[in-house]
Amino acid sequence: MMAAWLTVVSALFTLSTVHSFVPSHKKLSATACSHWFRSSRSFLHSKQAPEQELLDYDWKTQWYALTFNSYIPNPSESAEAVPAAVFGHPLVLWRSEDDGEVHCADDVCPHRSAALSEGRLRDGNLECLYHGWEFESKGQCVRIPQLEKGAEIPKRACLKMRPCVIVEGLVWAWMGDEAPTTEPPRQNDGLDDWTGEKKGCFVNDVQIDLPYDHSYLAENLIDPAHVAISHDRTQGGDVRENAQPYEMIMDHDSISSQGFTGKFRYADKENATWINLKFEAPGIIRQTGNPRGKIQFGAALHCMPLALGRSRLLFRAYFGGLPWLATRIIASRPTWQRNLNSCKILEQDVGLITTQEDHFSRTNHTLKDDFLLLKSSDVFVGAYRNWMDRVGQGMPWFQGLATQSRNVNNHLSGFQLPPSLDPANHRSSGQDVVETRYHRHVMHCPATRKALANVQLLKKVCFICSVAVITATAGLAPTISSSSNILVKRLVSFGLVPAIPVFCIATALLRKLESHFFVSFKRKDQLRREKGV
């Protein structure tokens, strides 16, 4: 049963304007809301779908997880300000002091509207690098270098600050214009508020930005059935022989503007363990369970809308009650190595998910026109898209099952070729001209970024050493035969000469390792090495 609850989790563990939308009526019919219920026993049945009201929802009155607390640098370590965004609304994050609270403001300088995230920290203040205006932690401007002597700083020279708190190791921002009416949602499983760690558990966090809408990301992660196929024989994935039907149960009484709950397990295994699933607005997928008795498992997958066609995944999984040896083995693996493997897992799905987006942009169909959802694998996919139908009118853009906003595909031309036909320009290709693993993860993650710097430094040292050894050997070679100094002969024969291939091979291996921080997974390359029979 271990594979059942590790479906999505294991794949990553090792690792205010409401726009016009399609329906003009206030109610969604049973057919529109629940087209995915089919008459066959193998499909979800349409007669079970009652007429459903739209749900009251406002995207601004929500807390959004922007990044991990550990991703915001201390001023003593870095002058960097960290950019973020919610539904295309740019934000900037920074600390005024080491291990202090995180500040969040709209990412625009009141002088001439340059992005403050392109600026820097200076003595705890956020400085715009266009003209040097500085802002303190409350958003007040405290310095304008060009201001006349004795003149007062204009009152309008202040930032639009956003309520920002750290809960369970995540940086949360409130996007409403009024004071927060709720607290950030919690896992409520004993996670430390500052670090997100849990006593007695191994916790794995990873952040990655992805080139498709956040609703497709949520759809992907709420779907355990794809793991055995899409991540077949991938470290942290599964094997296709484990692909099988699921028993999925929705708690229909739980459906509200803030989400829904359910549970799932393998249908063909006796006494299979249930995994509890909770979808929570604005885009959080939580899973908990106790597979194999004392083993405790939890996961929180935050699918955040950065912009049209751009999403961010903040993934957290934790395990407790594991055997001592298993815990030590997992903990011994470097964080950056787990992170790069998680990137690979997500990259395996990028080409598939972006082509879904491309299809609906090209055809202008709704999902209900072309989706064929099985009750043995797609219950939660249908439930999530149905939820989007009911709350999407309260978002800047959305794509539900039966309805969608007219602007949801504005980032696409409608004429995209698949990645294998247009590898240089398709957003999923991972080519240098588009974006790579470095842009999606490495540049944002302090641990992985530091590991890359160490690899690059070590590669440079090995290269310098190889050049020095070759030069020294070439310089001493003419004198070896005529020299009577045995020490020189031994130095060359047993020291310099053997060192040449060692340093050359080390340089090559480090160069190969360095490429893993940049080069994205390419499914076509993998398939060309396999046989189709």
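User: Why is Lys60 called buried?

Analyst: Lys60 has 13% relative accessibility, and buried means under 20% relative accessible area, while exposed means over 50% and partly exposed lies in between (1.4 Å probe, protein chains only), so Lys60 counts as buried. This is a predicted model, in which local features need pLDDT of at least 70 and side-chain atom pairs count only at pLDDT 80 or more, whereas totals for chains, interfaces and linings use all residues. Residues are numbered from 1 along each chain as its sequence is written, and side-chain values use heavy atoms, with hydrogens and water left out.

User: What makes the pair of Lys60 and Asp177 a salt bridge?

Analyst: A nitrogen and an oxygen of these two side chains are 3.7 Å apart, and a salt bridge is a side-chain nitrogen of Lys or Arg within 4 Å of a carboxyl oxygen of Asp or Glu, so the pair of Lys60 and Asp177 qualifies. The bridge links distant parts of the chain, with Lys60 in the loop between β2 (52-53) and β3 (63-68) and Asp177 in the loop between β12 (170-174) and β13 (201-210), 117 residues apart; here helices (H or I, at least four residues) and strands (E, at least two) are DSSP runs numbered from the N terminus. Asp177 has a relative accessible area of 52% and is therefore exposed.

User: How many salt bridges does the structure hold, and which residues share partners in one network?

Analyst: The structure holds 16 salt bridges. One of them joins Arg286 and Glu280, N to O at 2.8 Å, and both of these residues are buried. Another is formed by Asp369 and Lys368, whose closest N and O atoms are 3.5 Å apart; Asp369, at 42% relative accessibility, counts as partly exposed, as does Lys368 at 30%. Salt bridges with shared partners join Asp232, Arg233 and Glu241 into one network.

User: What makes His103 buried, and which side chain joins that of His103 in a polar contact?

Analyst: His103, which lies in strand β6, has a relative accessible area of 8% and is therefore buried. Its side chain is joined to that of Ser96 by a polar contact of 3.0 Å. Among the residues touched by His103, apart from those up to four places away in sequence, are Val92, Trp94, Ser137 and Met161.

User: Why is Cys164 said to be in no disulfide?

Analyst: The nearest cysteine sulfur, belonging to Cys104, is 5.1 Å away, whereas a disulfide is a pair of cysteine sulfur atoms within 2.5 Å, so Cys164 is in no disulfide. Cys465 is in no disulfide either, its nearest cysteine sulfur being that of Cys462 at 6.4 Å, and a search of the whole structure finds zero disulfides. Cys164 is buried because its relative accessible area is 18%, whereas Cys465 has 26% and so is partly exposed.

User: Why is Ser113 called exposed, and what is noted about its phi?

Analyst: At 55% relative accessibility, Ser113 counts as exposed, and its phi is near 70 degrees, a positive value in a residue other than glycine. Asn271 likewise has a positive phi, near 55 degrees, and because its relative accessibility is 74%, Asn271 counts as exposed. Ser113 belongs to the loop between β6 (102-106) and β7 (120-122), and Asn271 to the loop between β15 (259-266) and β16.

Conventions:
Contact = heavy atoms within 4.5 Å. Polar contact = N/O pair within 3.5 Å; in protein donor to acceptor, adjacent residues only side chain to side chain.
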